[in-house]
Amino acid sequence: MEDLALKSTAVHPAGAGHNWPRNDGIELDLSWVLDQRVNFSAAERRVQTLPGRRTVKKDAQAAWLLKAVTCIDLTTLSGDDTTERVKRLCAKARQPVRQDILDALGMGDRGITTGAICVYHRFVSTAVDALEGSGIPVAAVSTGFPAGLVPHDVKLREIEASVADGAREIDIVITREHVLTGNWQALYDEMRDFRAACGDAHVKAILATGDLKTLRNVARASLVCMMAGADFIKTSTGKEGVNATLLVTLAMLRMIRAYEERTGLKVGYKPAGGISAAKDVLNYQFLMKEELGRDWLEPDLFRVGASSLLGDIERQLEHHVSGAYSALNRHPIG
Amino acid sequence: MSVATFFDDMSYGVAPEADTEARAWLDRHEGKFGHFINGAFVAAVSGKTFDTFEPATGALLAGIARGGREDVDAAVAAARKAQGPWAKLSGHARARHLYALARLIQRHARLIAVVEALDNGKPIRETRDIDVPLAARHFYHHAGWAQLQETEFADQVPVGVVGQVIPWNFPFLMLAWKVAPALALGNTVILKPAEYTPLTALLFAEMAAASGLPPGVLNVVTGEGETGALIVEHEDIDKIAFTGSTEIGRLIREKTAGSGKSLTLELGGKSPFIVFDDADIDAAVEGVVDAIWFNQGQVCCAGSRLLVQEGVAPVFHERLKRRMDTLRVGHPLDKSIDMAAIVAPVQLQRIAELVAKGVAEGASMHQPRIELPKGGSFYRPTLLTGVQPTSVVATEEIFGPVAVSMTFRTPDEAIQLANHSRYGLAASVWSETIGLALHVAAKLAAGVVWVNATNLFDAAAGFGGKRESGFGREGGREGCYEYLKPKAWIGRKLRAEPATPAPKTAAGDFVLPVLDRTAKLFIGGKQARPDGNYSRPVLSPKGKVVGEVGEGNRKDIRNAVVAAQGASGWSSATAHNRAQILYYIAENLSSRGAEFADRIAAMTGASAASARTEVEASIARLFSYGAWADKYEGVVHQPPLRGVALAMPEPQGVVGVICPPEAPLLGLVSLVAPLIAVGNRVIAVPSETHPLAATDFYSVLETSDVPPGVINIVTGSATELAKALAAHNDVDALWAFGSPELSTLVERLSIGNLKRTFVDYGRSIDWMDRSAAEGQVFLRRAVDVKNIWIPYGE
């Protein structure tokens, strides 16, 4: 059946680009923020029933998983990261799937890479060097990641330093206190400053949804960050007790949709943490397509912060090609 | 399509569920099925068959036996033979059988789901994720009731042999809703699946027999409408349970009138889906998908009537239309769709015609430009906006994927629009304000209300409607009672015709005459002269005129109904308040006990002692219902979700009562007191032969603070007044005790608005026997249970 939901006029090259007008933000509209209501049970039913309504099989499944690869922000955010570890990850980002598998899928010439590499500031320049010529952007977590409790001016200086080192994307963390105390003006101001500090680098606002607890908080924080000029809104640092879930995803996607309805601007979405299986990422993709549309399946509007997801996708792709279930050690480590 | 093309367009492709096992099952039967009677497949005696098709392709699935009289007779005979031994099994033994059936459904879940999707045309997602698991849940739940029957329903016995006629929209789930409680509680069954969708019932019967269900306990007779009619009219069937259209339900009520068959009707609806401006709009939009595009809208409780608060209507409709663009319509076995096929071409045509009519009457139609599969019966999800209440699409059940939308201004108006329907099955309320949502839920005329949700079902929560959506409940404890009857009513005898003595006129004499007391009617708290201004004499058994009462007619009934409708405050009065008034009536009756006893004795010829006993029993009965008034309460169900379902007993509304000829005071009190205890307003027709106890009662009522219109009394001919009450479409229920003919008449004439009826088929109760004439057995019939589902979470 022809899929008429496909109405996009944008070009979607493989690899991360930024093909939409940037969200420069709007004035803080407090009444719009406070007007947001999220019915938890209804949201739950939506995400629970979606996997029964949408699935992809065979070639379509391989294609969707490959698309997911192009949306991965391949990430290492550990205390024991070193330059060599980061270089290894960058190599994997350039060639995330074995060439023979890509060839067998008829995708060998598409230049499939991950969406980005995501590291701490210390390793930005290492990654930039390692990725030179690949077009793969380097993203830096910033602003006192993960807790975000360092002084505000330190946060801004950290952003500027990463941008100076060549980071094209900055993943900032918000001050959760502003959300938990309903201080939307403070959240807006903070986010505005972060955005300004980023300059041409795209900014992803990490809400730390696991700390915000309620979908209502998540929805309101999403909206405020978009009003303040976030290019992406992102669930979590990966360090909270609960990270990305389909439920918070639904709440955030609906805010992205509402923001687009009102401003015409497309804001991207990045779930992070806890997405490690191929079938999980498919459900996120279905939700993106259903709630936001085709445009949000490309890396300029969708990223997945993950480290072990890629390995599972590689196994699924090999299975698709060979018919035999695969093993992790058959795919180069990242 | 290749990986590369999918990679570029990111379409879903198809994800077909395999139908190999289902086809193999059809092949094993060589595409031909007989009835399943007494544990085995048998061909129709006539040899006649009909065909069942795949709605998605129009392809032939199987030839099916067409049930005739001999077939139905054989099935009834088998069920009758099995019923005794089945009921004699211990509850535990039946629980084991039901448990085995639940396990069987789970073991063969996918096969059942695929056969169902093929035969009905609905998406495999729904059969696999909803219908079949819920069916298993019903058998588990009712295995539990079988286990507990001896203690929880100690005063009840099974109804007997049950005929069940089920629809095509949820063939297997409706089988479970019907068969599980019937079997659990000791009944045996003749089930007729719908002609479009007979296969899963046959599959189930076959598997059930193979796994040890005794022969005759579950019989499946296939056929079309005539076969259903044969079951409905069969003399050796004790109960009919029907789910289907209101039109057929009405016919069944008419055909079974006076037969003594117990009846459960689960009929149509035009259920409101109310969106307030403080709702989570996206959630409500998604709710519409589950409300009207679930099962292609072929759902009796579908939220088909959207009522949207004016201020949010534009954004709601805009988002709903956007959502419609992403709906996918495909083959039932495609695992990546939202909607599949309409059950039959004739249904498709009906939907299209109704929509065309709606558009002609001014509605704006929106259909997404999605593609439909070629061939087969498919219809686009459809939204009609700008619909006026006068339009046919606003009042008629479309039974297809068509939502009609209207706006309202205030909560009061939402309630008014919602309740302005002949139906009363379900409703859905969307608001994030708990006070508003629950206020509206309580006021909606519906058997089921979902708060911020829609189309939730569970075996423990009763399902069923008000008004022309039918009566009786399925599921839960209230559903069990539909398959039971009170032990105390077994062996009731046909009452003797009341004696009609010839009137004797007493010659006047020269003593101080008795001061004339002219009994009028009691309407709206006032004594009112009968409209016709005729009177009828009241005779003692020896023919002596002991008084005269007004000859009420249908205009008096009309006036009484107006008064009763006007007394709606009684239904929302506190239970404590209603209790107080019942006690007060008892107190005032007690103070005039001797007078009432004399009157009873004079009218009936009863001994002074027995007349006094009747008065004392009446006082005690009033006390009993005063006691019950604040104790006949609802239940909090805990369905499998984070939330509760409140099962609230609600008064039926305005209830007519034809009192039995005997026990002139106790009969009246025994029927009126339970009704008013739970908040109904009553129009009582007292004993035709002995009405003076009731007319004397006026002043008791007047001195007991009974609000005007709560109890109205119209004297006269029981038959004539019953006719007027039965045919009155603003009377919600009618209780009638008297001759068998009276019962027939009441049931037959009740079909206009499908009022609830409670009749005795001429078999009298011993009104002095508390177990037969008092308590929950009456209270249950005085209420409808409304289930309010309240999922929660933050």
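In this predicted model, chain B holds an open sheet of three strands, running in the order E1-E5-E4 with mixed pairing. Strand E1 (32-33) and strand E4 (49-53) of chain B sit at the edges, each pairing on one side only. E4(B) and E5(B) come together in the antiparallel sense, and five bridges join them. To pick out one position, Thr52(B) has Ala62(B) in E5(B) as its bridge partner.

Gly67(B) falls in the loop between strand E5 (60-65) and helix H3 (69-88) of chain B. Is Gly67(B) buried or exposed? Count the other C-beta atoms within 10 Å and the number is 30; the cut-off for a buried residue is 20 or more, so Gly67(B) is buried. Setting aside residues up to four places away in sequence, Gly67(B) touches His35(B), Ala44(B) and Val72(B), and also Val221(B), Thr222(B), Gly223(B), Thr227(B) and Leu230(B). Asp19(B) is another matter: 48 residues separate Asp19(B) from Gly67(B) in sequence, and the C-alpha to C-alpha distance between the two is 29 Å.

Another buried spot in chain B carries an annotation. An unreviewed UniProt entry places the feature "active site" at Glu266(B). This glutamate belongs to strand E11 (residues 262-266) of chain B. Glu266(B) has 28 other C-beta atoms within 10 Å and is therefore buried, given that 20 or more is enough to qualify. Which residues does Glu266(B) contact, leaving aside neighbours within four places in sequence? They are Thr243(B), Cys300(B), Gly464(B), Gly465(B), Gly470(B) and Glu474(B).

Zooming out, chain B splits into three pieces: domain 1 (21-267 + 478-486), domain 2 (271-462) and domain 3 (497-506 + 513-782). The C-alpha centres of domain 1 and domain 3 of chain B are 39 Å apart. Where these two domains of chain B meet, domain 1 puts in 10 residues and domain 3 puts in 12. On the domain 1 side of that contact in chain B, helix H10 (residues 246-256) supplies the largest share, with four residues. By type, the residues on this side of domain 1 of chain B come to three nonpolar, three polar and four charged.

Chain B also meets chain A, with 38 residues of chain B in contact with 37 residues of chain A. On the chain B side, the elements giving two or more residues are helix H1 (3-9), helix H6 (124-152) and helix H11 (281-292) of chain B. The largest share is five residues, and it comes from H1(B).

What about chain A itself? Its secondary structure amounts to 14 helices and eight strands. The C-alpha trace of chain A spans about 55 × 45 × 35 Å along its principal axes. For 334 residues, a compact globule would have a radius of gyration near 20 Å, so the 19 Å of chain A agrees with that expectation. Of the 334 residues in chain A, 57% are buried.

How values were computed
Residues numbered from 1 in each chain as written. Chains lettered and ligands numbered in written order. Predicted model: local features only at pLDDT ≥ 70, side-chain atom pairs only at ≥ 80, totals over all residues. Buried ≥ 20, exposed ≤ 12 C-beta atoms within 10 Å, placed from the backbone. Contact = placed C-beta atoms within 7 Å. Domains from an automatic or database assignment. Nonpolar A, V, L, I, M, F, W, Y, C, P; charged D, E, K, R; others polar. UniProt positions renumbered as here; feature names shortened; annotations may be inferred. Pairing = 2+ DSSP bridges. Rg over C-alpha atoms; globule rule 2.2 N^0.38 Å.
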